[in-house]
Amino acid sequence: MASTSQTATAPLTSGLRTAVVPAAGLGTRFLPATKTVPKELLPVVDTPGIELIAREAAQAGATRLAVVTAPRKQGVMEYFERDELLEETLAARGKTDQLAKVRAVNGLVDAVAVDQDRPLGLGHAVGCAESTLDDDEEFFAVLLPDDLVLPAGVINEMVKIREELGGTVLCGFEVPESEVSNYGVFDIEQSEGGVGGVAGEDVKKVRGMVEKPDAADAPSTVVATGRYLLDRSIFDALRRITPGKGGELQLTDAIELLIEEGHPVHVYIHHGGRHDLGNPGGYIRACVDAALQDDTYGPSLKTWLADRLGQEN
């Protein structure tokens with residue numbers, strides 16, 4: 001097995017291979033729909049959230065998607081299986097556009113199921129995926145399906161940062177001071193130098209994290225979102241932290257342990273957009289945003305929205 005220790009200056013050139021997607025949650029905020037349909041299969045316009053995540057992972061170079069699921073959510077994995085009868089039917093009927101959409105997921109990534117029989121926290125979910133990595137994989141990505149980060153490509157920038165600075169790279173957003181209490185907030189300092197085409201001001205060294213602080217106590221206005229590029233040493237840290245409330249293992253606790261031990265951790269501040277697919281309000285906004293940018297639905301939706309909102313005045 002390859003060594004998991006890295007220094008802040010050691011050049012790292014191996015590409016991303018594995019993206020871990022924790023998808024074992026019950027989706028209770030979307031009940032009753034999620035009684036039978038996994039939350040990750042709910043479509044943003046016409047594309048399920050899990051496919052959007054798979055596309056993002058593949059764009060970053062990942063060839064393996066380790067999907068952490070529960071036994072009752074096998075529908076998520078079935079989505080990546082080829083449906084030859086459906087494809088043949090669409091082809092015979094000349095429905096080429098629909099056929100292209102159905103085939104888009106074929107071979108996109110190698111989706112591998114990872115069972116998490118009990119919901120014991122994000123850290124536990126990530127730890128369950130350790131066996132899916134090759135022995136020589138020194139790092140991997142974690143993409144939370146509830147977070148739709150726009151535009152796609154943030155993982156690519158995070159890989160560049162790791163190649164220069166090593167260690168673990170997290171994704172952050174700037175938010176107004178009045179909103180910091182809704183998030184995990186980074187305690188940061190400026191990193192040395194620019195990184196691989198990424199502006200130096202957007203790369204910060206992480207000293208720690210504070211979960212949902214009062215605005216007056218927040219160490220910054222840079223908050224965490226659901227994109228992680230983790231050094232393999234995270235698995236050892238996860239084995240050494242203590243479970244918290246409800247017996248859950250928190251990924252942030254393991255990252256904090258690595259920071260304490262001198263492991264380099266940086267945050268890349270992303271200036272794009274974000275939608276929270278984990279609650280109906282955020283999901284609706286994501287659907288509207290995506291539809292407005294769609295050549296088929298956008299023009300008529302803009303007209304309808306303008307008329308509809310005009311009725312409210």
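**Spaces and cores, close up**

**View A. The lining of the largest cavity has six nonpolar, one polar and three charged residues.** (Ala, Val, Leu, Ile, Met, Phe, Trp, Tyr, Cys and Pro count as nonpolar, Asp, Glu, Lys and Arg as charged, the others, Gly among them, as polar.) This is a predicted model: local features need pLDDT of at least 70, side-chain atom pairs count only at pLDDT 80 or more, and totals for chains, interfaces and linings use all residues. Residues are numbered from 1 along each chain as its sequence is written, and side-chain values use heavy atoms, leaving out hydrogens and water. Phe30, Lys39, Glu40 and Leu42 are among the lining residues, as are Pro145, Asp146 and Tyr283. The volume of this cavity is about 90 Å³. (On a 1 Å grid over the protein atoms alone, a 1.4 Å probe fits in a cavity but cannot get out; a pocket is an open set of points with protein on both sides within 12 Å along at least five of seven lines; lining residues have an atom within 4 Å of a point.)

**View B. The largest pocket holds about 1300 Å³ of space.** It has 37 lining residues; Arg29, Leu122, Leu144, Asp146 and Gln250 lie nearest its centre. Strand β11 gives the most, with four residues. (Helices, H or I, have at least four residues and strands, E, at least two; both are DSSP runs, numbered from the N terminus.) Domain 1 (14-145) and domain 2 (152-271) both contribute to the lining, so the pocket lies between them. (An automatic or database assignment sets the domain bounds.)

**View C. The second largest pocket has a volume of about 500 Å³.** Of its 20 lining residues, Val44, Leu52, Arg55, Leu150 and Ala290 are closest to the centre. α1, β7 (147-150) and α9 (280-292) each supply at least two lining residues.

**View D. The largest nonpolar core has 38 residues.** (Its members are buried Ala, Val, Leu, Ile, Met, Phe, Trp, Tyr and Cys residues, joined through side-chain atoms within 4.5 Å.) Leu16, Leu65, Ile155, Met158 and Leu229 touch the most other members. Helix α6 gives the largest share, six residues.

**View E. Val169 is buried, with a relative accessible area of 0%.** (Buried means under 20%, exposed over 50%, partly exposed in between, with a 1.4 Å probe and protein chains only.) Val169 sits in strand β8. Not counting residues up to four places away in sequence, it touches Met158, Ile161, Arg162, Tyr228, Leu229 and His266. (Contact means heavy atoms within 4.5 Å.) The C-alpha atoms of Val169 and Val206 are separated by 9.2 Å.

Methods:
Grid points are joined across faces, edges and corners, and a volume is the space filled by probe spheres set on the points.
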